[in-house]
Amino acid sequence: MTIGLLKEPSGEHRVALLPENIKTLTDLKVSVKVESEAGALAFATNSDYTSAGANITSRTDTLTADVLVSINPPTNAELAQLKPEQVLICVFQPLSNRALVEKLLSLKVTSFSLDNIPRTTRAQAMDVLSSMATVAGYKAVLIAASASPRFFPMFMTAAGSIIPSKVLVLGAGVAGLQAIATARRLGAVVEAFDVRTAAEEEVKSLGAKFVKVEGAKDEATAGGYAVEQSDEYKAKQQALVQEHAAKANIIITTAQIPGRKAPILITEATVGKMQPGSVIVDLAAATGGNCALTENDKTVVKEGVTIIGDSNLATTMPADASKMFGKNVINFLKLLIADEGSLNLNWEDEIVAKTCVTHSGEVKSEGVNKILFQPETA
C-alpha cells in the first residue's frame with residue numbers, strides 16, 4: 001500500500017504528517033509519497049522526508065497513491081481524478097459541506113473526515129479537533145494579550161499599582177480550558193462560562209471562577225459539545241453573560257454546535273457595554289461566531305472593542321500543530337493498516353465506521369446520514 005501526503009493550499013502552514021511520522025509507516029511496510037515542499041511551511045524539508053524513508057513526488061503522482069492524507073481536501077478537479085478504490089483521509093467538516101459529501105458519493109471514493117472521529121476514551125489519541133483546539137485556545141490568549149492596551153498580570157511598581165486584566169472565556173471545552181490555563185499563567189483574573197455542568201469542576205481546577213446559569217439542558221450524548229438550549233435559558237444566559245462581559249477586558253469565545261450555526265453569546269448591545277480597549281477573540285467565527293459583530297477572518301473595531309474572528313489559529317503555530325496532528329493521523333492509520341502493509345477497512349471497529357463518511361457510493365457515517373440526508377428523523 002502507498003500513502004500519499006499532499007501539500008496544503010495557500011494560507012495553510014501545517015502539514016498532515018511530519019518526517020518523524022514516516023518511519024512509523026515504513027516500519028508497517030507501507031511506502032510513502034510526499035508531494036514536494038509539503039512540509040516547507042512547517043519547517044520540514046524534502047530532504048528531511050527522504051531521510052526518513054519517503055519518496056518526494058509531484059502533486060500529480062502523489063494523487064495516485066492508494067491512501068491520500070491531508071488536512072484540507074483536494075480541489076474538485078483533483079477529486080474527479082480519483083478512482084473508487086482510493087481512500088481519502090482529511091478534515092472536511094461533512095455536516096456543513098454537503099456538496100463535497102455528494103461529490104465523494106458520486107465518485108464512490110472511500111473518505112474519512114478526521115473531525116468525525118468519535119470523542120471516546122479510545123479515540124483520544126486520534127482526536128484532531130482536541131489537538132487543534134489546544135493550539136487555538138493557547139494562541140487566542142496570546143493574540144488577545146498582544147491586542148490589549150492593558151497588562152495581564154498585576155504589577156506593584158514605583159509608578160503605582162496595575163490591576164490584573166479580567167478575562168472571560170465562553171465555552172469550557174478543550175480550547176476554552178487551554179485559554180483559561182494560558183490566561184492564568186499570564187496573571188489574569190479569569191472567569192468562564194459553559195452550559196455543560198461537568199465543566200464547572202475543570203474550570204475551578206484551573207483557578208478560574210465558573211459563571212453558572214441555572215436550568216441548562218446538559219446532554220451527555222453531545223460528544224463534548226454544547227447543545228441547543230431553551231429560549232428561557234438563552235434569555236437568562238444573555239443577561240448573565242452581558243453582566244460579566246461588561247466588566248471583562250478580554251473575552252475568548254469557543255462555543256460551537258456540530259452542524260449548526262454557532263450560538264450568539266455576545267450581542268451588539270453587550271459589545272456596547274464593554275470597556276473601550278477591550279478585546280474579543282472569536283474562535284467560532286467560521287460558523288457564524290459567538291459575537292454578533294464578528295467577521296470571519298477579519299479584525300474589526302466596534303464601539304472601541306477589537307473583535308478578532310479567527311477559527312484557524314492552529315495554522316499560526318505550524319511546527320507543534322503539525323506534530324500533534326501527525327501523531328493523531330498515525331494513530332488512526334494504524335487502524336487501517338493490516339499485516340504486510342495492506343489496507344484493512346474493519347467496519348466492526350467503531351472508530352473506523354464512524355469516521356468514514358463515504359464508501360462504495362454510500363454514506364457510511366450514521367451521524368452524517370441522519371443529519372444531511374434524513375433531517376426529518378433528526
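Leaving aside neighbours within four places in sequence, E191 is in contact (heavy atoms within 4.5 Å) with V167, L168, V169, K209, V211 and H244. The structure is a predicted model, in which local features need pLDDT of at least 70 and side-chain atom pairs count only at pLDDT 80 or more, while totals for chains, interfaces and linings use all residues. Residues are numbered from 1 along each chain as its sequence is written, and side-chain values use heavy atoms, with hydrogens and water left out.

E191 belongs to strand β10, residues 189-193; helices (H or I, at least four residues) and strands (E, at least two) are DSSP runs, numbered from the N terminus. E191 is buried and yet has no salt bridge, the nearest side chain of opposite charge being that of K209, 4.0 Å away. Here buried means under 20% relative accessible area, exposed over 50%, and partly exposed in between, with a 1.4 Å probe and protein chains only. For charge, Lys and Arg count as positive and Asp and Glu as negative, whereas His and the chain ends are not counted. A salt bridge is a side-chain nitrogen of Lys or Arg within 4 Å of a carboxyl oxygen of Asp or Glu. The side chain of E191 does make a polar contact of 2.8 Å with the side chain of H244; such a contact is a pair of N or O atoms within 3.5 Å, where, within protein, one must be able to donate a hydrogen and the other to accept it, and residues adjacent in sequence count only if both atoms are side-chain atoms.

V167, one of the residues in contact with E191, lies in strand β9, residues 166-170, and is buried at a relative accessible area of 2%. Its contacts beyond four places in sequence are F152, A183, A188, V189, V190, E191 and I250. Of these, A183 is 16 residues away along the chain from V167, with 7.3 Å between the C-alpha atoms.

A183 also takes part in the meeting of helices α6 and α7, where the residues on the α7 side are V174, A175, Q178, A179, T182 and A183, and those on the α6 side are S130, A133, T134, G137, Y138, V141 and L142. Helix α6 (residues 128-147) and helix α7 (residues 174-185) pack at an angle of about 35 degrees, with axes 7 Å apart; axes are lines fitted to C-alpha atoms, for helices over the stretch in contact, and angles run from 0 to 180 degrees between N-to-C directions.

N328, in helix α11 (residues 318-336), counts as buried at 5% relative accessibility. Its side chain reaches the backbone oxygen of A125 at 2.9 Å and forms a polar contact of 2.7 Å with the side chain of S131. D127 is among the residues in contact with N328.

| Salt bridge | N to O distance |
|---|---|
| K323 and E20 | 3.0 Å |
| D127 and R119 | 3.3 Å |
| K354 and E350 | 3.0 Å |

The pair of K323, in helix α11, and E20, in helix α1 (residues 19-27), links distant parts of the chain, 303 residues apart. D127 is buried at 7% relative accessibility, whereas R119 is partly exposed at 32%. K354 and E350 both lie in helix α12 (residues 350-355), four residues apart, about one turn of the helix.
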